[in-house]
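Hi,

Here is the structure I promised to pass on. Have a look at it first, then read my notes below with the model open beside you.

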Amino acid sequence: MNEVSLAENSPQFAWLEVTGLCNENCHHCYADSSPKGDHGTMTVRDWVRVISQLSDMGTRDVQFIGGEPALHPYLPALIRYAHASGLSIEVFSNMTHIRAELWDVFGACGVKIATSYYSDSAEEHDAVTKLRGSHKRTRENIAKALSLGIPLRGGVVAVRPEQRVREATRDLLSLGVEQVGGDRTRAFGRGGKGAAPAIADLCGHCGHDKCAIGPNGDVWPCVLGRFLKVGNVREAPLAEIWGGLRWGEVLADIRAVHGEGVRSCTPPQFLPMCGPCSPCVPSVGHCDPKEAESAATIGPPV
């Protein structure tokens, strides 16, 4: 198998994890981000180079993620550069810290937003994020984004017993959020509670048409598959990493566990280019394609 066939095709989507810093401290965070995190070793010049490489490789979509990407001081500049490079942009934010400059950039660059939401109850939501007032600020900024005509989708992640996930979905729908996905806690980062990460806990789409770059330049097949490092963009161009021998080894390991069929469905929680599968709502509590194939279709609760 040569390197071209390993690549299969160019990356159509990339997560750009620009920071490990977050003002929230969710106990289920797969990235282990928190107020103790930092922006990593990737400089603005490094990120600009990566964005240029993605554009040259034919990538269509990027998602700025963290940590909390809105805390990165140069996020507006990076968004502008990605927009000028012809990329479609989404920002995955907890929506608690959107400064005025970012609102302007979101509008000017056609940015889409994704956010996580845990409950219609401020007390329950804040207990998950461990940030007092986070529910109020997130909800207010969701409403503001929609009032400005900025596309926004929500994800309700089931992380606690008896969590008000149905009510959270209703609340988002009442605000005017048209796309609401769902997921469960993934056994990565703090969500793993000390357990070693495993390929079986991934959805199986990792590496297919997509990749992730972390705040220290590491390249992963997805943001959840950060334990499957395939290279580092500070050491080699992304085009050399994508489709290289290590990339092929990782894809083979994923296929050995999940098989080939997972490519037919894509979870909506982290991917902006796909709509949600019908079963993937909080009442199901998961977004595993193999399970979704046999699950009954369940619409948003009414």
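**Two helices side by side**

Start with helix H3 (residues 75-84) and helix H4 (residues 100-108): their axes come within 10 Å and cross at roughly 10 degrees. The axes here are lines fitted to C-alpha atoms, for helices over the stretch in contact, with angles running from 0 to 180 degrees between N-to-C directions. Helices (H or I, at least four residues) and strands (E, at least two) are DSSP runs, numbered from the N terminus. H3 and H4 are therefore roughly parallel to each other (angles under 35 degrees count as roughly parallel, over 145 as roughly antiparallel, 65 to 115 as roughly perpendicular and the rest as oblique). On the H3 side, the contact (heavy atoms within 4.5 Å) is made by Leu75, Pro76, Ile79, Arg80 and His83, and on the H4 side by Glu101, Leu102, Val105, Phe106 and Ala108. Sorted by type, the residues of this contact are 7 nonpolar, 1 polar and 2 charged. For that sorting, Ala, Val, Leu, Ile, Met, Phe, Trp, Tyr, Cys and Pro count as nonpolar, Asp, Glu, Lys and Arg as charged, and the others, Gly among them, as polar.

Before you go on, two notes on the source. This is a predicted model, where local features need pLDDT of at least 70 and side-chain atom pairs count only at pLDDT 80 or more, while totals for chains, interfaces and linings use all residues. Residues are numbered from 1 along each chain as its sequence is written, and side-chain values use heavy atoms, with hydrogens and water left out.

**Strand E3 and the cores**

Now find Ile89 in strand E3. Is Ile89 buried or exposed? Its relative accessibility is 2%, so Ile89 counts as buried (buried means under 20% relative accessible area, exposed over 50%, partly exposed in between, with a 1.4 Å probe and protein chains only). Ile89 and Phe64 are 25 residues apart along the chain, yet their C-alpha atoms are separated by 7.6 Å. Leaving out residues up to four places away in sequence, Ile89 touches Val62, Phe64, Ile79, Ala82, His83, Gly110, Val111 and Lys112.

Which residues touch the most other members of the largest nonpolar core? In this core of 69 residues they are Leu16, Val62, Phe64, Ile79, Phe106, Ile213 and Val219. A nonpolar core is a set of buried Ala, Val, Leu, Ile, Met, Phe, Trp, Tyr and Cys residues joined through side-chain atoms within 4.5 Å. Apart from it lies another core, of 5 residues, including Cys26, Tyr118, Val128 and Val159.

**Helix H5**

In helix H5 (residues 122-129), the buried residues are Glu124, His125, Asp126, Val128 and Thr129. Strand E4 (112-117) and helix H6 (134-147) are among what covers them. Just after H5, look for Lys130, which takes a positive phi of about 60 degrees.

Met95, in the loop between E3 and H4, is not a glycine but has a positive phi of about 65 degrees. Met95 counts as buried, at 0% relative accessibility. Asp209 also isn't a glycine, and its phi is positive at about 65 degrees. You'll find Asp209 in the loop between strand E6 (179-184) and strand E7 (210-213), partly exposed with a relative accessible area of 24%.

One more to click on: the peptide bond from Gly66 to Gly67 is cis, with omega near 20 degrees. Gly67 sits in the loop between strand E2 (61-65) and H3.

Cheers
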